[in-house]
There are 2 protein chains.
Amino acid sequence: MNVSIIVIGDEILIGQVIDTNSGDIARMIEPCGWHVNDVQVVGDNASHILQAIDRAFESSDVVLTTGGLGPTKDDLTKTTLCQYFGGELYENADVLENVKEVVAKRGLKLNDLTAAQAIVPSSCKVIQNRVGTAPLMWFEKDAKVLIAMPGVPFETQQMFREAVLPLLLEKYNSNTSIEHRTLLITGWSESRLAMEINDWEDALPSYIHLAYLPKPGLIRLRLDGTHSDNDFINKELDKYRDELIARFGKDVLHPDDLTPPEILLHHLNRLGLTIATAESCTGGNIAHQITSIAGSSSAFMGSIVAYSNDVKHRVLGVHNETLDTYGAVSLQTVEEMAQGACNVIGTDCAIVTSGIAGPGGGTPDKPVGTVCIAVKSPRGIVSAVHHFPGNRSRVIDRATTTAIISLIHELKKI
Amino acid sequence: MNVSIIVIGDEILIGQVIDTNSGDIARMIEPCGWHVNDVQVVGDNASHILQAIDRAFESSDVVLTTGGLGPTKDDLTKTTLCQYFGGELYENADVLENVKEVVAKRGLKLNDLTAAQAIVPSSCKVIQNRVGTAPLMWFEKDAKVLIAMPGVPFETQQMFREAVLPLLLEKYNSNTSIEHRTLLITGWSESRLAMEINDWEDALPSYIHLAYLPKPGLIRLRLDGTHSDNDFINKELDKYRDELIARFGKDVLHPDDLTPPEILLHHLNRLGLTIATAESCTGGNIAHQITSIAGSSSAFMGSIVAYSNDVKHRVLGVHNETLDTYGAVSLQTVEEMAQGACNVIGTDCAIVTSGIAGPGGGTPDKPVGTVCIAVKSPRGIVSAVHHFPGNRSRVIDRATTTAIISLIHELKKI
C-alpha cells in the first residue's frame, strides 16, 4: 500500500525546524509492507494544503498529515480539512475532557485557546491524543483515508504507533512483504565498494535491491527484498547478506543495523568491560552518543571533557612535559589521556580525542580537522592521527564516529 | 521569487536518513527575499522524479534538487534529468579534472566508478563541485531553471552558498524584502502566551506576521515582515519587537535568534567567567552543546560526566553520606556536584544534572523524567527538581536546555 505524507508548517519551509516526523512514520510502517510514496512539505497556507492533498490522493490510498494543529492563529490545518472534507466545526465534549486531563497532568490551567483544541470538523472521527492537546482526526472520502496528526514529534510518534497504526492495520491487509538487511562496512569508499561488488550486484534477483548509504566513516549496505512470500524473502536476504559478510570479513563492523554506539555497548557487555571517555575536541559528544542508548550505565561509568590543557594535566594526569614537547594534539598526549581516564574513572577501556575542530586554531603542521584518537582496551593502547574534512560540526561528528569504531575494532579481536 | 525543492533518495523516504538540505537551502535564500514554496521528497524512481519536476515548475521559477547523483546504480537523477531536458550524456573533461583533484585531496585513487561522475547531460551547464565528486548541473527550460545538487549535506551547503546562490542572484533581481526578528521567551506555554498577546497580534499591520515556534523549555516568537521598502520593514520590525520586549521583560531570554548555548557563552564572555559541567543523566550533552559553538574554549574549560555514584564521590567529591541519605537524584547531590565541578575543573560557574532519563530506573518517588538541576555562578548555587515528559532522548534534550537556561537566568542578573 502506498502512503503519502504531508508535512505542514512555515517553520519547516524556512528551515527553522527540521522535519523528523516523516522519517519516524516511514520507519514504523515499513514492517507492515507499506511504502511512503512521497513527502510534501507545505506552509501554513490553505490553498497549498488543499493542492497537496489532491496530489497525495493521486498516488496513495492513505494520506498522513503532521502539523498545523496548534492553538494559535498561524495554524490553519483544521479549518482547511473541514473545507476539503465538508461538515462543520463543533466542540467535541470527549476531546474537551481529554484536553483538560492532558493540561492537568502538565500542572497547567486550562485557558480558552487550549480549550479551543476541542473544536473539530464534524466530518472526521476523532482519535484522542493522550500526550498532547491537539486531537488526531481520521477522514474518509472515496474509499481513501486522511489522518491529521500534530506536529510535535514525540506526540506524533507515540500516537501514530499506539492509535493510528492499529486502525490502519485493521482496515488494510497487506499481502506483500518488504524486508531489509543492513550491513555496516568500514574502510571502503562508496565507489570502490561498488566496483568491488559490481558483478555480484548485477546478478541479484529482481526481488532484491541493493542500496548504498554512506555515513561519515562507514557505509551502510542495505538489501531490500520485496515478495509475496515472507519466509522466502527472509531466507533469500539472509543468504545474500551472508555472501557479503563472507566477502568483506573484518571490514564488516556489524551484521545488523545498529549504530556504532550500540555495537560498542554490545561488545562491552559481551566481554564484561567498563568504559570511560576523555574528550578534548569532541567536547563530550562521545559520552553523549553512548549515554543516549538505554542501558548504557551497565558499561559506561563516566567521562572527563578536558578542553583546557590545565584540566588535561591536573585531572587526567597528562605530564606538562608531554604537553610542552608534543602539544595537546599529539599521539603522546592522547595515549596519556587514555591511561588517565581509566585511572581516574576506574574503567577497563577508554576512548580519547584531541584535535582541532576549527574554524580557528589550525597551524601549517596541524591544520583544522587534525584529530588524534587513542583507545585503550585489554589489548593495550592504540592511537592514530586522522584528518577530517569539513566544518566544525562535521569534524566533531567524524571524530566521534571514528573513535567509537576504533575501539569496536579492538574489542572484536577479543 | 518562489523556489521549489525536490529531495531525491530512497534513504529519506524509508526514514534511514533525515533531510537537512532543504532547511539549509531555505535559510540561505531567505535573506534574498526568496521563498521556498514547497519541498517534495521522492525516491530513486525516474517517473516520480519527472512528476515532481512538473509539479515544482507549476509553482516556481527555480527548482533545486538534491541527491541521487552518487556513482552507484541506485542513483538515477542524472539520466532522468537528461531525459527531461534533452541532450545526451557525455564525458566532460573539466569535470574529470576536478574529480581527480577531489579524489587526490582525500588521499584516494581514482577508480572507474568515480571517474563516471564526469559523465553529464549535454543540456546542462556544469558547476564544478569543489568539495565532492558529483558535479552540480544547471538546466534551463522555458525561462525556468533547475539546478541539480548532490545529497551529501556539507557539499550541498558549501556549493550552494559559494557557487549556486551567486548565479541565482545574478539572474533574478528581488524587489521584495522579507525580514525577520526572533525573540526567545521562557516560562510561558504556547497557548497562554497567545492569549496574552491576542489583541496585540490582531492589531499587527498586514505586512507583519507573527509565528509561534515552541521548543522544549522555550518559545521562539518570530515576526516576519514583507515589504518593498527594506528600511521601512526593518524599522517596523524593530518597533514591534521592542513592544514585545517591554511587555515580557525578564521572560525574554534573548532579543535575537541565538541558541541557548550561544546566549550562555555571550553572558560568560561579557562577564569574563569560566564554566564547567558535571553531568549524570545528560551524559555529556550539555558539554557537547556548548563546545559545538566555535570559540567556546574562551569560557568552557571541561566537564566531568559522572554516570556512576563512584565517580560522583571520588572525582567530584560528593559525600557518600549525601548519596546514601538523599540518593544520586537529589538537590543535595547536585549542589555538591556543582561545588565539586568548580573545584576540580577550576571554574567560576558550573551546570549540573542528575536524573532518571529512562526507560528504566524510575521509582514511585522519583519517576522517569525526574531531573535535579543545579547551577553555580558568582551569585551562589541554585537548584531545583524538574519533571520532564517523554522518552529518553526527550528527557535528555529538555534537561540540557533547561539547565543551560537556568544559568543564563542567573547570569542575566549580574
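Strand β9 (residues 177–185) of chain A pairs with β12(A) in the antiparallel sense, over two bridges. Two strands count as paired if DSSP finds at least two bridges between them. Strands (E, at least two residues) and helices (H or I, at least four) are DSSP runs, numbered from the N terminus. Within this pair, A:I185 has A:V252 of β12(A) as its bridge partner.

This is a predicted model: local features need pLDDT of at least 70, side-chain atom pairs count only at pLDDT 80 or more, and totals for chains, interfaces and linings use all residues. Residues are numbered from 1 along each chain as its sequence is written, while chains are lettered from A and ligands numbered from 1 in the order in which they are written.

The β9(A) strand belongs to an open sheet of four strands, with the order β10-β11-β9-β12 in chain A and antiparallel pairing. At the edges stand β10 (208–215) and β12 (252–254) of chain A; each has a single partner strand, so one side of each is left without a neighbour in the sheet. Neighbouring strands here are turned by 35° against each other on average, direction ignored. Axes are lines fitted to C-alpha atoms, for helices over the stretch in contact, and angles run from 0 to 180 degrees between N-to-C directions. Helix α10 (residues 230–248) of chain A lies across β9, β10, β11 (218–227) and β12 of chain A. The helix runs at about 10° to β9(A).

Now to the two chains together. A rotation of 180° with 0.0 Å of shift along its axis superposes chain A on chain B, with an RMSD of 0.1 Å. The two copies are thus related as by a two-fold rotation axis. The superposition is by least squares on the C-alpha atoms of residues with pLDDT of at least 70 in both copies.

Where do the copies meet? They meet through the same surface, because 100% of the interface residues of chain A are also interface residues in chain B. Residues are in contact if their C-beta atoms, placed from the backbone, lie within 7 Å. The contact takes 74 residues from chain A and 74 residues from chain B. Strand β14 (residues 300–306) of chain A gives the largest share of chain A's side, seven residues. That side divides into 32 nonpolar, 26 polar and 16 charged residues. Ala, Val, Leu, Ile, Met, Phe, Trp, Tyr, Cys and Pro count as nonpolar, Asp, Glu, Lys and Arg as charged, and the others, Gly among them, as polar.

A:G302 stands opposite B:A306. An open sheet of 10 strands runs in the order β17(A)-β16(A)-β15(A)-β13(A)-β14(A)-β14(B)-β13(B)-β15(B)-β16(B)-β17(B), with mixed pairing. The twist averages 10° from one strand to the next.

Follow this sheet into chain B. Six bridges join β15 (residues 349–355) to β16(B), and the two run antiparallel. Eight bridges join β16 (residues 370–377) to β17 (residues 380–387) of chain B, again antiparallel. β16(B) and β17(B) form a hairpin with two residues between them.

The axes of α11 (residues 260–271) and α16 (residues 392–412) of chain B come within 9 Å and cross at roughly 30°. α11(B) and α16(B) are therefore roughly parallel to each other, a term for angles under 35 degrees.

Note on methods: Contact = placed C-beta atoms within 7 Å. Parallel < 35°, antiparallel > 145°, perpendicular 65-115°, else oblique.
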